[in-house]
Amino acid sequence: MASREAERAAMVERLRAQGITDERVLDAMRQVPRERFVPPGMARDAYRDTPLPIGLGQTISAPLIVALCTAALQAGPDAHVLEVGTGSGYGAAVLAHRHRSVVTIERHAALAERARAAVAAIGCTNVEVRTGDGALGAPDRAPFDGIVVTAMARDEPPPALLEQLAPGAALVCPVGRRGSGRLLRYRSGRVEDLGAVAFVPLVTGG
């Protein structure tokens, strides 16, 4: 629909004004139909700069957060990346437009199934959606040229994820407590603070 395309274009211009300068990320955000990843009846809110509920206590992150996390990887078009916390599948679809291949892991089987269908429906063939404990990563597909965690780790990122990074690659992960904290980038033994964020907690084990 032309109106949806106009909404996506307006969203991209907002992201640009908010400091997102990576043109490949902006192009991915322009191409992925966000309305296909929100619950039925919420399509009119798809392009608001706010998280939206997707069920099971999870959310689809605000467009700015998706763009920020994707850009923060600083990985090239040939990168093989991991996403922890598939949720709606929207973030994986954006990553798929930006990078060569994506493995994404979702703890909730129902969400993983919906995300798998949504990603396939828009023609993304370079995304593998898995169900499981994302904190364990995907050692059989490692090393990764970038890892994005879309839920908040309590004190530090899961050690298994750091171990699955390729040399020089970045892990982007929110760290904090009670839903609020800082978005941190871990790379080559250094930690960079990318700003304050709010995310659902990262659940592992059990």
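The questions and answers below concern a predicted model of a protein.

Q: How do you know that the size of the protein agrees with that of a compact globule?
A: A compact globule of 206 residues would have a radius of gyration near 17 Å, and because the protein has 15 Å, the two agree. Along its principal axes, the C-alpha trace spans about 45 × 35 × 35 Å. The chain holds 6 helices and 9 strands, and 51% of its 206 residues count as buried.

Q: What share of the contacts with a separation of 6 or more comes from residues 24 or more positions apart?
A: Such residues account for 54% of these contacts, a contact being heavy atoms within 4.5 Å.

Q: Why is A166 called buried?
A: The label buried applies under 20% relative accessible area, and A166 has 11%, so A166 is buried. This residue belongs to strand β7, which runs over residues 165-177. Apart from neighbours within four places in sequence, A166 is in contact with P143, F144 and D145, while its C-alpha atom is separated by 7.8 Å from that of A142, 24 residues apart along the chain.

Q: Why does V148 count as buried?
A: With a relative accessibility of 4% against a limit of under 20%, V148 counts as buried. V148 lies in strand β6, and, leaving aside neighbours within four places in sequence, it is in contact with C69, L73, L82, E83, V84 and V172. The C-alpha atoms of V148 and V81 are separated by 7.9 Å, although the two residues are 67 residues apart along the chain.

Q: What makes helix α3 mostly covered?
A: Of the 10 residues in α3 (residues 63-72), 8 are buried, among them P63, I65, V66 and C69. The helix is followed by Q74, which has a positive phi, near 50°.

Q: Which residues of helix α4 are buried?
A: They are Y90, G91, A92, A93, V94, L95, A96 and R98, which amounts to 8 of the 9 residues of this helix, residues 90-98.

Q: What is the nearest side chain of opposite charge to R34, and how far away is it?
A: That side chain is D49, at 6.8 Å, whereas a salt bridge requires a side-chain nitrogen within 4 Å of a carboxyl oxygen; R34 is buried yet has no salt bridge. R34 sits in the loop between α2 (23-31) and β1 (52-55), where its contacts beyond four places in sequence include A46, Y47, T50, I60 and Y90.

Q: How do you know that E23 and R16 form a salt bridge?
A: The closest N and O atoms of E23 and R16 are 2.6 Å apart, and the cut-off is 4 Å, so the pair meets the criterion. E23 counts as partly exposed at 45% relative accessibility, and R16 is likewise partly exposed, with a relative accessible area of 31%. By this rule the count in the protein comes to 14 salt bridges.

Q: Why are D27 and R30 separated by about one helical turn?
A: Both belong to helix α2, and because they are 3 residues apart there, about one helical turn separates them. D27 is partly exposed, with a relative accessible area of 33%, and R30 is partly exposed, with a value of 33%.

Q: What makes the salt bridge of R177 and D155 a link between distant parts of the chain?
A: The side chains of R177 and D155 meet at 2.8 Å, N to O. The partners are 22 residues apart, with R177 in strand β7 and D155 in the loop between β6 (144-149) and α6 (159-163). R177 counts as partly exposed, its relative accessibility being 38%.

Conventions
Residues are numbered from 1 along each chain as its sequence is written. This is a predicted model: local features need pLDDT of at least 70, side-chain atom pairs count only at pLDDT 80 or more; totals for chains, interfaces and linings use all residues. Side-chain values use heavy atoms; hydrogens and water are left out. Helices (H or I, at least four residues) and strands (E, at least two) are DSSP runs, numbered from the N terminus. The radius of gyration is taken over C-alpha atoms; the globule rule is 2.2 Å times the number of residues to the power 0.38. Buried means under 20% relative accessible area, exposed over 50%, partly exposed in between (1.4 Å probe, protein chains only). Lys and Arg count as positive and Asp and Glu as negative; His and the chain ends are not counted.
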